[in-house]
Amino acid sequence: MSEWIRRLYRKHILGIREYKYTNIYPTAEIGRGCVIGSYSEIGDKVKVGFGCKVGAYVFIPKGITIGNEVFIGPGVTMTNDYYPKATGGWQLRETIIKDGASVGAGATIRCGVTIGKNAGIGAGSVVLNDIPDGEVWVGNPARKIESKWKYNMELEREAAG
Ligand SMILES: CC(C)(COP(=O)(O)OP(=O)(O)OC[C@H]1O[C@@H](n2cnc3c(N)ncnc32)[C@H](O)[C@@H]1OP(=O)(O)O)[C@@H](O)C(=O)NCCC(=O)NCCS
């Protein structure tokens with residue numbers, strides 16, 4: 001199937017809003033109603049749930065699984081090889097981002113971690129560890145903070161029932 005037909009399928013059948021110059025691998029699975037910003041790459045066999053927003057300039061390589069209604073800010077970089085090298089083989093370490101999580105602009109996610117449900121990651125953070133459900137972590141290396149964001153997200157969820 002040509003890239004042009006795949007784009008039409010994503011737009012008209014899956015209702016995905018995709019801006020110009022994205023690079024979405026044919027093997028990536030993207031859920032209904034997602035928005036994908038320009039210059040973002042979604043790699044081989046990546047899974048993205050429904051209703052996610054992926055900003056511009058986001059890199060999501062093979063080995064990443066993203067749940068439903070996840071926000072990925074612009075310029076977020078995810079990784080999949082812990083000890084990368086230009087030559088020889090490489091080893092994939094999987095990363096999971098669970099439903100409702102939000103990753104702030106420019107964050108870097110080191111491979112092998114799980115970001116919990118409705119967790120929040122501050123802009124520019126470097127995530128090295130698993131993030132428990134509902135917590136907000138910021139900085140390099142990312143550490144837990146008590147954030148207004150967390151309470152805003154909780155209030156929104158309560159309002160939505
Ligand atoms: C994480 C975030 C929601 C925190 O907001 P908040 O709850 O209002 O918290 P505050 O701004 O009061 O910060 C609380 C503390 O965390 C620190 N902090 C907040 N965000 C940080 C970040 N991204 N990186 C490093 N430290 C951060 C603050 O410096 C402050 O530290 P202090 O108590 O020692 O002074 C916000 O800073 C953030 O990064 N939002 C994401 C924005 C974004 O990427 N949007 C994408 C759409 S374009």
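This briefing walks through the fold, the core and the ligand shell of the chain above. The model is predicted: local features need pLDDT of at least 70, side-chain atom pairs count only at pLDDT 80 or more, and totals for chains, interfaces and linings use all residues. Residues are numbered from 1 along each chain as its sequence is written.

**Overall build**

- The chain holds two helices and 19 strands, where helices (H or I, at least four residues) and strands (E, at least two) are DSSP runs numbered from the N terminus.
- Its C-alpha trace spans about 50 × 45 × 20 Å along the principal axes.

- Two bridges join β3 to β6 (residues 47–48) in the parallel sense.
- Isoleucine 30 sits opposite valine 48 of β6.

**The nonpolar core**

- The largest nonpolar core counts 32 residues, and Ile121 and Val127 have the most contacts inside it; such a core is a set of buried Ala, Val, Leu, Ile, Met, Phe, Trp, Tyr and Cys residues joined through C-beta atoms within 7 Å.
- β9 (64–66) and β18 are the elements that give two or more residues to this core, and β18 gives the most, with three.
- Leaving aside residues up to four places away in sequence, valine 127 touches Ala107, Ile109, Arg110, Val113, Ile115, Ile121, Trp137 and Ala142; a contact has C-beta atoms, placed from the backbone, within 7 Å.

**Around the ligand**

- The ligand is surrounded by 15 residues, the closest being Gly104, Ala105, Gly122, Ala123 and Ser147; a residue belongs here if its C-beta atom, placed from the backbone, lies within 6 Å of the molecule.
- β18 (136–138) and α2 (148–160) supply at least two shell residues each.
- The shell has seven nonpolar, seven polar and one charged residues, with Ala, Val, Leu, Ile, Met, Phe, Trp, Tyr, Cys and Pro counted as nonpolar, Asp, Glu, Lys and Arg as charged, and the others, Gly among them, as polar.

Definitions and conventions
Buried ≥ 20, exposed ≤ 12 C-beta atoms within 10 Å, placed from the backbone. Contact = placed C-beta atoms within 7 Å. Pairing = 2+ DSSP bridges.
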